[in-house]
Number of protein chains: 2
Amino acid sequence: MSNTKVLPLLEPAAPESVAPCCPPLNERPLTAGEAERTARMFKALGDPVRLRLFSLVASHEGGEACVCDISDVGVSQPTVSHHLKKLKEAGLLTSERRGTWVYYRVEPSVLTAMGQLLAIVPAAA
Amino acid sequence: MSNTKVLPLLEPAAPESVAPCCPPLNERPLTAGEAERTARMFKALGDPVRLRLFSLVASHEGGEACVCDISDVGVSQPTVSHHLKKLKEAGLLTSERRGTWVYYRVEPSVLTAMGQLLAIVPAAA
């Protein structure tokens, strides 16, 4: 009926392997697997503190920040660390340890993919 | 010190008044209020079933769909209705009753705003 290949089911992706996914949301319905994978990223940004931290990292000088750079979001440093880890687990941030501190950086390919997903052009009337 | 006006605090926005918000996430850190408002939308898309339903509505003929059009997401019709309402409450869908059914449609301005938020250009090295 169709010449598309059935892809094998994937194990839950490790953070490093989170791949950009999916066409604009109005092109076709997402499959269950695509929705599962993509919802994780939206969920990670669905918390006000995490979203604010994400924008702090994204807008910080050089496009990266460590916990030591973040002091004004009204939560403790351990809480900041916890949320940064969650964003990393969702594939939205990458991290690198340098000396005492772990530096976080936005993963641009994932963000671009999420932006494309939302790039919905209104249908012609 | 600044010539920006202090805006009055807003009551939680009614679905109809959810306004597109905020510059790209790497332009400046979001304020607490901006993050609160925007996180609601990401959270609404942070559930796999809801994200799938959203893509079903967005990609349905004419850009709209009712519960009667949705049958293959593996959850009951009341559950579908519940999730569609949540998407509406977050400002991502609008609805209109026609006869027996409520038809849902994507709210393009909000989606465009979310897309812009994620339109992060990698910083030059």
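How many aromatic pairs does a search of the whole structure find over all chains? The points below answer this and then consider the symmetry, the sheets and a helix of this predicted model.

1. **The aromatic pair.** The search of the whole structure finds one aromatic pair over all chains. Its partners are A:F42 and B:F42, and the arrangement is stacked. A pair of aromatic rings is described by the distance of the centres and the angle of the planes. Here the centres lie 6.1 Å apart, and the planes make an angle of 25 degrees. The term "stacked" applies because planes under 30 degrees apart are counted in that class.

2. A:F42 belongs to helix α1 (residues 32–44) of chain A and B:F42 to helix α1 (residues 32–44) of chain B, so the pair joins two chains. Are these residues buried or exposed? A:F42 has a relative accessible area of 0% and is buried. B:F42 is likewise buried, with a relative accessible area of 0%.

3. **How the copies are related.** Two copies of a chain are related by a rotation about an axis and a shift along it. In this model, chain B is superposed on chain A by a rotation of 180 degrees, with 0.0 Å of shift along the axis and an RMSD of 0.0 Å. That is the relation of a two-fold axis. The same surface serves both copies, as 100% of the contact residues of chain B recur in chain A.

4. **The sheet of chain A.** In which order do the three strands of the open sheet in chain A stand? The order is β1-β3-β2, and the pairing is antiparallel. At the edges are β1 (64–66) and β2 (93–98) of chain A, each of which pairs on one side only. From one strand to the next, the twist averages 30 degrees. β1(A) and strand β3 (residues 101–106) of chain A run antiparallel and are joined by three bridges. Within chain A, A:E64 stands opposite A:R105 in β3(A).

5. **The sheet of chain B.** Chain B also has an open sheet of three strands in the order β1-β3-β2, with antiparallel pairing. Its edge strands are β1 (64–66) and β2 (93–98) of chain B, each pairing on one side only. The twist averages 30 degrees between one strand and the next. Three bridges link β1(B) with strand β3 (residues 101–106) of chain B in the antiparallel sense, and B:E64 is placed opposite B:R105 in β3(B). β2(B) and β3(B), also antiparallel, are joined by six bridges, and B:E96 faces B:Y103 in β3(B).

6. **The hairpin of chain B.** Two residues separate the strands in the hairpin of β2(B) and β3(B). B:G99 takes a positive phi near 65 degrees in this hairpin.

7. **Charges over rings.** In chain A, the charged end of A:R98 sits over the ring of A:Y103, at 4.5 Å from its centre. In chain B, B:R98 lies over the face of B:Y103, and the distance to the ring centre is 4.5 Å. B:Y103 is also the residue that stands opposite B:E96.

8. **Helix α4 of chain B.** Which residues of helix α4 (residues 108–117) of chain B are buried? They are B:V110, B:L111, B:A113, B:M114, B:G115 and B:L117. The elements that cover the buried residues of α4(B) include α4 (108–117) of chain A, as well as α1, α2 (48–59) and β3 of chain B.

Notes:
Residues are numbered from 1 along each chain as its sequence is written. Chains are lettered from A and ligands numbered from 1 in the order in which they are written. This is a predicted model: local features need pLDDT of at least 70, side-chain atom pairs count only at pLDDT 80 or more; totals for chains, interfaces and linings use all residues. Side-chain values use heavy atoms; hydrogens and water are left out. Rings of Phe, Tyr and Trp (its six-membered ring) pair if their centres lie within 6.5 Å; planes under 30 degrees apart count as stacked, over 60 as edge-to-face and the rest as tilted. Helices (H or I, at least four residues) and strands (E, at least two) are DSSP runs, numbered from the N terminus. Buried means under 20% relative accessible area, exposed over 50%, partly exposed in between (1.4 Å probe, protein chains only). A charge sits over a ring if NZ of Lys or CZ of Arg is within 6 Å of the ring centre and within 35 degrees of the ring normal. Two strands pair if DSSP finds at least two bridges between them. Axes are lines fitted to C-alpha atoms, for helices over the stretch in contact, and angles run from 0 to 180 degrees between N-to-C directions. Copies are superposed by least squares on the C-alpha atoms of residues with pLDDT of at least 70 in both. Contact means heavy atoms within 4.5 Å.
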